[in-house]
Amino acid sequence: MKRESRPSIVPGKQHTFTGLAVGRGIAIGTVYRHDSRYDVYVREVRIPENRINREQDRFAVAARKADQEIDALQVKAQKLPAAAREELGYLLDAYQQMLKGSRLIRGVEKRIATDRINAEAAVLKEINLMEDAFAAMDDRYLSARIDDIREVGNRLVRSLGSKQAAAFSSLPHKAVIVSDELSPADTALLDPKQVAGLATVLGGVESHTAIMARSLALPAVVAAAELTSWAANGDTIIVDGGKGTVILNPAKSVLLDYRKRRANYLRGRRALDKLRAVPAVTQDGIAITLQANIELPSEIDSVLRSGATGIGLLRSEFLFMNRDDLPGEDEQFTALREVVKRMEGRPVTIRTLDIGADKLSDALGFEPGPNPALGLRAIRFSLSRRKTLMEQLAAILRAGAFGPVRILLPMVCTIEEVKEVRRILNRLAGRLKRRGVKIADPMPPLGIMIEIPGAALAADALAVEADFFAIGTNDLTQYTLAIDRTDETVAHLYNPLHPGVLRLIQFSADAAAAAGIPVSVCGEMAGDERLTPLLLGLGIAELSMAAGSIPRVKKRVRGLNLSAIAGRARRVISDANPERINTFISDLDIA
Ligand code: PEP
Ligand code: MG
C-alpha cells in the first residue's frame, strides 16, 4: 500500500535514504529484513541416545500445540470481512498442513535421532534446508513461501517453550541487517563474519546498538526514515557508515563507485593497523593510555590486534543477555578469567552490571519503571539484588588472581554507594580467602563511572572514596542536556561538545588530579579522533574506546603538541562559547 503512495520511490530502482552515521566503513550486500516477531534464536544441545524418544515425544506435543493455536486463529478469522477471511484462511490451512505429517515434521523427527540434537535446533536446521532448496528454484511464488515456512518453524520453536530472542541463523552472503529497530541484545548476536552492516529506522548515535555496531566494526546507519517501507529481502544495498546514507538498489555506476570507495577505506585501515606496536606519545613526549571497550569476550582478538594497552571498560551486562537463566559465579568467573588471561598482564577494567534503559536482560526479571533512564538501574539495581552483585564481585575477585583487574561501578551518584560496595567487597574477599579460594592480591582498585551531572559536580568528594574515575560521556551528555541518547527525534540536539558537558568533564578531571587518582574517558567521545586534542587539553591522559578506533586516535595523539593546546582548550571551555569550541576543534582538524 505504502509503495503506491510514494511515487518518488520506484520499487527496484535506486533510492537513497539519509540517517545518522554510527559505524564507519562501507557495506555492500544483500538486504536481510529482521523482525524480532518472526525470528527465533535457539541453542543447539547434543542429547544422549536414551533421550531421543523423549525428545521426539516433546516435539510431537509441541506440533500439536502449534496446530491448536492455529485452530484458535481460524476461529478468529471467521469474524473478519469475507476477503480477509478467505485470504487468511488459505494461509492458516497451509500452516496446518505443514504441522501434520509433512516433510517438515518428518524431517525434524528424523534429525533429532540422526544428529542427536534438541528439537528446537532440529526444527531450525530443517527450516534452513527447506529455505535453501526453495531459494535455489529461483521462482518468485516459491520464494514468497519461505516466509510461511519460517513462520511455522517459529511457531514450533515457541511451542517447544524456548525463549524467543532475535536470531540471525539463516543469513544470505554479505547480509545487511535492515530493521525498524535493533536492540543491543540483538546486535550482540550478530557475527561480523556473516554480517556486512546494518541500517535501522530508529535509534540514536550513542545508543548501545550503535556502540555494539562500532565494537563489531560493522558499517552502520540508524534513523534512516522509511527504509523498512521499501527494502525487501534480497535487494542490493549499500550502507555508507561514514556519511550516514543508505542506498537501496544502487545503479551500476554507483555500485562500482562504492566498490572503489570501500577498497580505499579498507586500504586506509590496513595502513593504520601498522601503528599497532608504536607507542601513543605526543610530539612533546607525553604518554597517553589508549584502552579498549568490550561487550563480549569474543572481541578480545580485535582488542589484541588494535594495540590497546588494556581494557578500560568491560560492559559485563552483555553476559546476562540473550538467555533464560542467570550466569552464576562460576560461569562469570570462567568468562572473565579467559579475558584476563588473554590480556596477558594488561589491566582489565570490569564494570559491574549496568542494566536498565536500553540494556535489558530477561533473566534478571528486570521491570523498567515509569522512566527507565532515571529508575532502578545500574549500581542502584545491583545494590537491590545483593546476591547477584555478590556473585559478580566474587567472580571478578577470582578472575583477578590471573592478572590485573579493576572494578568499575556504573551510574554512581552518592559516596554511600561506593562505601557500601567496598564493604561488601571486603567481606567477600575475607570469606573467599578463608575458604582457600585464590583471589586478586592486592585488592583490585574500585572506581566509579562519572556519568551523572551530580556526580561530576561532586567529583572532589567522590574522589575521596573512589580509586579511579571513568567518565562516561554518553550518559553524562544524555543527563546534562536531557536528551535521550536512543531517541532519533532529538539526536540532532545530542552534543557532547555542549559547554555544560565539557565543563563537567573538566571539573571531574581536575578533581581526580587534585586527589591523585587516575581518570579516563570511556564514552564514545574517546574514539572520535577529532576530539582527542580537546580531551587531552582538559587533562585526560587515558582514553578507552571501541578497539577499531584505537589506531586512528593513536595517529592523532602522535601528531599533537600537548603544551601548545592545553591552555587553549581550557580557555575555550571557560568562555563557554560553542562557536569557539567548534573553531578550536576544526582548527586542529586533520581530516
Ligand atoms: C557512558 O555512559 O559513556 C558509558 C561508557 O557507559 P554506557 O555507554 O555503557 O552507558
Ligand atoms: Mg553509561
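1. Start just after helix 18, where Ala482 takes a positive phi of about 55 degrees. Helices here are DSSP runs of H or I with at least four residues, strands are runs of E with at least two, and both are numbered from the N terminus. Most residues other than glycine have a negative phi, and most peptide bonds are trans.

2. A word on the basis. This is a predicted model, in which local features need pLDDT of at least 70, side-chain atom pairs count only at pLDDT 80 or more, and totals for chains, interfaces and linings use all residues. Residues are numbered from 1 along each chain as its sequence is written, chains are lettered from A and ligands numbered from 1 in the order in which they are written, and side-chain values use heavy atoms, with hydrogens and water left out.

3. Helix 18 itself is mostly covered: eight of its nine residues are buried. Buried means under 20% relative accessible area, exposed means over 50%, and partly exposed is in between (1.4 Å probe, protein chains only). Among the buried residues are Thr473, Asn474, Asp475 and Tyr479.

4. Helix 18 also matters for the ligand shell. How many residues does helix 18 give to the shell around ligand 1? It gives three, the largest share. In total, 16 residues surround ligand 1. A residue is near the ligand if one of its heavy atoms lies within 4 Å of it. The closest are Arg315, Arg351, Gly472, Asn474 and Arg485.

5. What classes make up that shell? There are four nonpolar, five polar and seven charged residues. Asp, Glu, Lys and Arg count as charged; Ala, Val, Leu, Ile, Met, Phe, Trp, Tyr, Cys and Pro count as nonpolar; the others, Gly among them, are polar.

6. Now the polar contacts, pairs of N or O atoms within 3.5 Å. A polar side-chain atom of Arg315 lies 2.6 Å from an oxygen atom of ligand 1. For His208, a polar side-chain atom is 3.0 Å from a ligand oxygen. Thr473 uses its backbone: a polar atom there is 3.1 Å from an oxygen atom of ligand 1. Taken alone, ligand 1 exposes 290 Å², and the protein buries 100% of that. These areas come from the Shrake-Rupley method with a 1.4 Å probe.

7. Which elements give two or more residues to the shell around ligand 1? They are helix 8 (208-215), strand 10 (311-315) and helix 18 (473-481).

8. Check the other backbone angles. Lys174 has a positive phi of about 50 degrees although it is not a glycine. Lys174 lies in the loop between helix 6 (140-159) and strand 4 (175-179). At 46% relative accessibility, Lys174 is partly exposed. Met411 also has a positive phi, about 55 degrees. Its loop runs between strand 12 (405-409) and helix 15. Is Met411 buried or exposed? Met411 is buried, with a relative accessible area of 1%.

9. One peptide bond deserves a look. From Asp441 to Pro442 the bond is cis, with omega near 5 degrees. Pro442 is in the loop between helix 15 (415-434) and strand 13 (446-450).

10. Last, a loop serine. Ser102 sits between helix 3 (82-99) and helix 4 (103-116). Ser102 is buried, with a relative accessible area of 13%. A polar atom of its side chain lies 2.6 Å from the backbone oxygen of Met98. Within protein, such a contact needs one atom able to donate a hydrogen and the other able to accept it, and residues adjacent in sequence count only if both atoms are side-chain atoms.
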